[in-house]
Amino acid sequence: MTKRPVLISMGDPAGIGPEIVLRALRERPALRREVVVVGDMATLRRAASLGAIAPDSTEGGVVLAGLDEPAQGAGLPPGAVGVLQAGEPLAPPPWGQVSAVAGRAAAAAIRVGAQAALEGRARALVTAPIHKEALAAAGESFPGHTELLQAAAARHQGVPVAALPVRMMLSAPGLATVLVSIHVSLREALAAVTTDSVLETIRITDAHFRRTGLARPRIAVAGLNPHAGEGGLFGREEIETIGPAIRAARDQGIEASGPHPPDTVFMRARQGAFDVVVAMYHDQGLIPVKLLGLEHGVNTTLGLPFVRTSPDHGTAFDIAGTGRASADSLLAAIDAAMAATAGPTS
């Protein structure tokens with residue numbers, strides 16, 4: 001195993017996170033040499049005991065081994081899965097139920113994984129799904145992974161959160177979209193469409209794709225209004241706010257275009273006209289990606305000082321504990337994290 005593994009946080013212990021983590025490592029045993037799981041050992045053992053996920057090493061099953069540091073995974077016997085305990089050991093909470101206990105455990109796993117990545121002890125962090133109500137019940141002030149990780153990174157760097165802007169990118173085969181705003185109400189999202197926020201999103205998007213090897217990414221910027229405002233007939237945001245941001249980006253050498261009508265720009269991107277679409281708010285950008293199917297969707301946080309990806313689905317409380325949850329999207333997220341950090345890792 002590499003001495004700087006990819007870490008996978010277990011997600012909400014009452015949801016499908018623990019079981020899809022172990023299913024992924026059963027379906028792709030070679031990944032056990034590259035990853036370490038962050039979470040609660042008892043919760044993961046419960047997931048390993050599900051009928052569809054064998055708890056032993058036979059027939060591709062999973063053997064769990066406690067670690068104190070990510071690098072210790074390099075000394076595990078072949079086939080074992082390293083686990084970093086995050087927080088106090090749990091009595092695993094009931095499947096499929098929102099609880100403060102589950103929220104605290106999920107947040108602890110995220111923080112332990114993020115700190116290891118920030119300190120260079122891990123290549124990347126892949127996060128299994130969490131439940132926002134459980135986070136709130138645990139007293140967390142962050143609505144989701146993105147905001148929690150942003151705060152952790154800003155604290156590590158000793159800067160205000162505002163000095164470390166991040167953006168969410170959702171991708172599926174053939175389509176990637178980056179959001180100007182994330183988990184806020186639609187009314188707040190509309191107010192967040194400013195020239196500065198759109199330009200910042202374009203810059204962050206361009207920097208990410210250049211780091212991953214695309215020399216001149218083609219960034220399509222969606223309009224806010226129907227038909228991108230139709231020359232001001234349906235709103236002036238495209239003229240007064242979004243257009244100036246695009247022109248400023250182009251002046252900085254970024255290949256940005258638009259504002260494009262939101263009802264056609266995602267189709268054009270999937271047909272190959274653009275590498276990525278900048279969307280003005282959460283549902284505008286994520287509905288097209290999720291329509292393509294959750295099984296291969298990946299969420300990537302842009303702007304962090306480390307690579308973070310996650311599957312493009314939630315905790316699926318309705319099937320948690322049944323052993324039926326698919327690990328396909330998590331595997332896609334692991335693959336994306338490993339591709340983004342390819343190179344020397346020891």
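## A tour by selection

Begin by selecting Glu119, which is partly exposed with a relative accessible area of 43% (buried means under 20% relative accessible area, exposed over 50%, and partly exposed in between, with a 1.4 Å probe and protein chains only). This is a predicted model, in which local features need pLDDT of at least 70 and side-chain atom pairs count only at pLDDT 80 or more, while totals for chains, interfaces and linings use all residues. Residues are numbered from 1 along each chain as its sequence is written, and side-chain values use heavy atoms, with hydrogens and water left out.

The whole structure holds twelve salt bridges.

Next, select Glu200 and Arg167, whose side chains form a salt bridge at 3.1 Å, N to O. Glu200 lies in helix α7 (residues 195-211) and Arg167 in strand β6 (residues 167-172), so the pair ties together parts that are 33 residues apart in sequence (helices, H or I of at least four residues, and strands, E of at least two, are DSSP runs numbered from the N terminus). Arg167 is buried, at 7% relative accessible area, whereas Glu200 is partly exposed, at 30%.

Then move to Asp275 and Arg218, where another salt bridge spans 3.0 Å, N to O. Asp275 is in the loop between α9 (262-270) and β10 (276-279), and Arg218 in the loop between α7 and β8 (219-222), so this pair joins parts 57 residues apart in sequence.

Now select helix α1 (residues 17-27) together with helix α11 (residues 328-340), whose axes come within 9 Å and cross at roughly 70 degrees (axes are lines fitted to C-alpha atoms, for helices over the stretch in contact, and angles run from 0 to 180 degrees between N-to-C directions). Show the side chains of Ile20, Val21, Ala24 and Glu27 in α1, which meet Asp328, Leu330, Leu331 and Ile334 in α11 (contact means heavy atoms within 4.5 Å).

Finally, colour the chain by pLDDT, the predictor's confidence in each residue from 0 to 100. The mean for the protein chain is 92, and 95% of its residues reach 70 or more, but over residues 54-60 pLDDT stays under 50.

Notes
A salt bridge is a side-chain nitrogen of Lys or Arg within 4 Å of a carboxyl oxygen of Asp or Glu.
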